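Please read the following with the sequence and the model side by side.

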Amino acid sequence: MTDITLAPIQPDQPSHLMATYGRQAISFVRGRGAYLYTEDGTEYLDALTGIAVCGLGHAHPVIAEAIAEQAATLVHTSNLFEIPWQTAAAQKLAEVSGMEEIFFSNSGAESNEGAIKIARKFGTQQGVRLPKIIVAEQSFHGRTLATLSATGNKKVQDGFAPLVNDFIRVPFGDVEAIQEAALQHPDIVAILIEPIQGEGGINTAPQGFSYLEEVRNICNQHNWLMMLDEIQTGNGRTGKYFAYQHTNIVPDVLTTAKGLGNGFPVGAVMTQGKAVGLLGPGSHGSTYGGTVLGSRVVYTVIDTIQKENAVENAAVVGRYIVDQLRAKLADKNVRVRGFGMMIGIQLPKDCAELVAIARDQHKLIINVTAGSVVRLLPPINMTQAQADDLLERLVALINSYL
């Protein structure tokens with residue numbers, strides 16, 4: 001292998017990158033499991049995992065071996081040809097998701113774009129001239145033009161008008177608002193929601209996951225597609241393979257990405273029931289969707305999650321972390337919520353500065369979302385010992401802040 005050493009970036013050196021990120025002044029050169037390392041070998045506990053992407057931790061040996069072997073064999077041929085690894089990956093994903101048809105994309109935003117197209121195709125076939133989709137306030141569905149239009153966050157929409165029309169916004173968890181929208185808009189064809197709003201602050205509906213059951217009933221009543229965005233909640237994150245599996249319902253359309261490739265860029269939009277067959281030849285596509293390499297990664301990630309019982313581990317260790325946080329921070333006026341390895345700690349004041357304090361003083365990587373929510377997205381295969389390490393650093397951080 002060619003040995004390439006990158007020269008250190010100088011503070012006054014111009015960057016040719018678009019300034020679309022407020023980057024932290026740190027870089028990591030390697031990772032192993034739940035830990036990241038800088039060039040000088042300093043170790044950081046990663047409780048963010050690439051924002052819920054590396055569910056099996058960094059540099060998992062089985063996945064790394066599959067990527068290296070496939071990259072040295074065949075990376076891409078295009079969807080003009082049969083791709084056995086894609087067929088096998090779809091079979092694996094269908095088994096764990098309960099869905100029937102699968103289209104592989106490159107990201108969560110692309111997967112949600114596919115879901116929006118499916119909804120419009122469904123509406124058109126029902127004779128609806130301008131199909132509308134119900135979405136939720138405080139939601140996040142992506143940054144493409146259609147998905148940021150569906151997103152319930154004015155900040156990400158600012159400056160990109162005119163937005164894509166025909167999204168109807170309702171409060172998250174408000175079933176009555178959905179019913180009212182149905183009365184006012186006879187051209188609604190679908191509802192697109194997250195089981196848990198990750199970017200919105202690890203928000204669960206007031207009625208918990210039974211909200212999904214109520215939405216399913218409404219969709220059945222009105223002949224709408226029930227579409228779930230499980231970009232962040234999928235792939236074992238909440239202690240079930242998909243969060244909707246905490247209930248007895250099945251959506252018509254399901255999207256996922258993030259943990260699907262454990263760091264490799266890949267997503268999927270899935271259908272079952274009345275959503276099957278809506279997209280046919282020529283109606284959708286992707287040059288890089290479901291490449292040989294990407295498909296092998298998906299197959300390997302799902303297979304590894306199953307063999308390591310990582311979903312069950314996420315449920316058990318995630319519950320332990322939540323219980324310990326509630327006990328250790330009982331006198332701090334905080335609210336701890338979440339399922340599995342998707343945990344939010346609502347502080348009584350804005351706390352964006354905790355990201356830097358955690359990193360610099362506690363060697364802990366976290367995220368703050370919705371202004372005052374410390375968001376934890378650790379590896380779903382995190383051990384009890386690693387969880388205790390996380391708790392020690394995090395509790396010390398919050399105790400020193402409040």
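In this predicted model, helix H2 (residues 61-71) has Ile63, Ala66 and Gln70 among its buried residues. Viewed along the axis of H2, the buried residues fall within an arc of 60°, so they line one face of the helix. The exposed residues Pro61 and Glu65 sit on the face of H2 turned away from that buried side. What do the buried residues of H2 pack against? Their partners are H3 and H9.

Those two helices also pack against each other. Two packed helices are described by the angle between their axes and the distance between the axes. For H3 (residues 84-97) and H9 (residues 292-307), the angle is about 35° and the axes are 8 Å apart. The crossing of H3 past H9 is left-handed. On the H3 side, the contact is made by Trp85, Gln86, Ala88, Ala89, Lys92, Leu93 and Val96. From H9 come Val292, Ser295, Arg296, Val298, Tyr299, Ile302, Asp303 and Gln306. Sorted by class, the residues in this contact are 9 nonpolar, 3 polar and 3 charged.

In soluble globular proteins, nonpolar side chains tend to be buried together. Here the largest nonpolar core has 93 residues, and Ile321, Leu325, Ile345 and Val374 have the most contacts inside it. Helix H12 (residues 384-401) supplies the largest share of this core, 8 residues. Beyond its neighbours within four places in sequence, Ile345 is in contact with residues including Leu325, Val334, Val336, Val374, Leu394 and Ile398. Another core, of 20 residues, lies apart from the largest one and includes Val135, Leu225, Met227 and Leu278.

Note on methods: Residues numbered from 1 in each chain as written. Predicted model: local features only at pLDDT ≥ 70, side-chain atom pairs only at ≥ 80, totals over all residues. Heavy atoms only, no water. Axes fitted to C-alpha atoms, helices over the stretch in contact; angles between N-to-C directions. Helix = DSSP H or I, 4+ residues; strand = E, 2+ residues; numbered from the N terminus. Left-handed = near helix turned anticlockwise from the far one by under 90°. Contact = heavy atoms within 4.5 Å. Nonpolar A, V, L, I, M, F, W, Y, C, P; charged D, E, K, R; others polar. Core = buried A, V, L, I, M, F, W, Y, C linked by side-chain atoms within 4.5 Å. Buried < 20%, exposed > 50% of the residue type's maximum accessible area, 1.4 Å probe, protein only. Arc of directions from axis to C-beta.
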